[in-house]
Amino acid sequence: MNILDTNIKNVRNVLRYTIGAGSLTELPNLLERRRTLHGGPVVFFIDEFFQSQPDIISHLYLSTNDHAIYVPTKEEPCTDQVDQIVTKLQADGLNEPAAIVGMGGGIVLDVAKAVANLLTNGGLAEDYQGWDLVKVPAIYKVAVPTISGTGAEATRTCVMTNKRSGLKLGMNSDFTVYDQIVMDPELTATVPRNQYFYTGMDAYIHCVEALAGRYRNAIGDAYSRETINLCRQVFLDGDMKSSLNRERLMVASYLGGCAIATSYVGLIHPFSAGLSVVLGLHHCVANCIVMRAMQPYYPEFYEEFWAMVNKQGISIPEGVAQNLSDDKYEQLFASTIIHQKPLTNALGETYRDILTPDKVQSIFKKI
Ligand code: ZN
């Protein structure tokens, strides 16, 4: 296979991390240091789920000047939502907080990243959808992941949909990378089993796609191999949610994020993006649905994926794109084929010869 140059030359990782059960208790000290150094309040973005968890919120020790925004997670982030939050923070005089904290899953972590960039760069979220468009460093930011798999705590992007243009693209920039992560596996204990599996599998799928691809990076490959290794330990075990396995999956999510920051996804993510954009399915469950049709492309991982599904007794929705109108299949084709880099990674530069509209439709009908 022809190995292609990723053009990702000088990789930036998260500056600092803590890992281990109970590490959330270190967050107030980290923030206190920022408050002393920089002055000003801290703005927290918190998954709305934690609004009903006062015990956990009390661990954050919010000061009276701090600001907490509970982020809804039914829909994935959009550019308008990010712009509205920034306008409101500016109106409240919160242009230069000492720190921004994102506490939640990929949606919340991505919203916090986007807001941190916009507060220092100005303009609208859509101005920065693309590669290296962010001009100056963001507000100092801390990620506290509460579900594992997307790798949002480690990557240099924050995925948002622009509802007017239909563009689903992040602010790919070194400035989008978190300055600090606090990884406390106790926070993932309350995640429902299906969601835990779907989201955890995002890490596995990122690395399957990266390792089977043409764009390669030697360190990225090493991250990918260990991510897959950890996911096997978790999802082929009797209790995927034991405290040891929750810690393993948190590490897998972080390493998988580092892996994908040096490479590209493959065939699964473009089809999954089609399901998200056209049918509104969430990213992680959509990936799992796409796996129904992936035997010809990732045969070994296909078998392993379904062995994990069976071992954990997880239900994966079926037939979600079976009987749609021609118009919907055209939209699905357009929103899949647009992902040029991942599709080149998976199938080579002539991917359009393989993924004809008929072929793409037959894949969607299979899932
Ligand atoms: Zn993903």
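Which residues in H8 meet which residues in H9? The legends below begin with that contact and then turn to other close-up views.

This is a predicted model, in which local features need pLDDT of at least 70 and side-chain atom pairs count only at pLDDT 80 or more, while totals for chains, interfaces and linings use all residues. Residues are numbered from 1 along each chain as its sequence is written, and side-chain values use heavy atoms, with hydrogens and water left out.

**View A. The contact of helices H8 and H9.** In H8, the residues Ile268, His269, Phe271, Ser272, Leu275 and Ser276 meet His283, Ala286, Asn287, Ile289 and Val290 in H9, where contact means heavy atoms within 4.5 Å. By class, these residues divide into 6 nonpolar, 5 polar and no charged (Ala, Val, Leu, Ile, Met, Phe, Trp, Tyr, Cys and Pro count as nonpolar, Asp, Glu, Lys and Arg as charged, and the others, Gly among them, as polar). The axes of H8 (residues 268–279) and H9 (residues 283–290) come within 8 Å and cross at roughly 120°; helices (H or I, at least four residues) and strands (E, at least two) are DSSP runs, numbered from the N terminus, and axes are lines fitted to C-alpha atoms, for helices over the stretch in contact, with angles running from 0 to 180 degrees between N-to-C directions. H8 and H9 are therefore oblique to each other, given that angles under 35 degrees count as roughly parallel, over 145 as roughly antiparallel, 65 to 115 as roughly perpendicular and the rest as oblique.

View B. Asp202 and His206 are separated by about one helical turn, because they are 4 residues apart in helix H5 (residues 193–211).

**View C. The packing of helices H11 and H14.** Helix H11 (residues 326–337) packs against helix H14 (residues 357–366) at an angle of about 105°, with axes 10 Å apart, which makes H11 roughly perpendicular to H14. Tyr329, Leu332, Phe333 and Thr336 in H11 meet Pro357, Val360, Gln361, Phe364 and Lys365 in H14, a contact that has 6 nonpolar, 2 polar and 1 charged residues.

View D. The C-alpha atoms of Leu169 and Trp131 are separated by 9.5 Å, the two residues being 38 residues apart along the chain.
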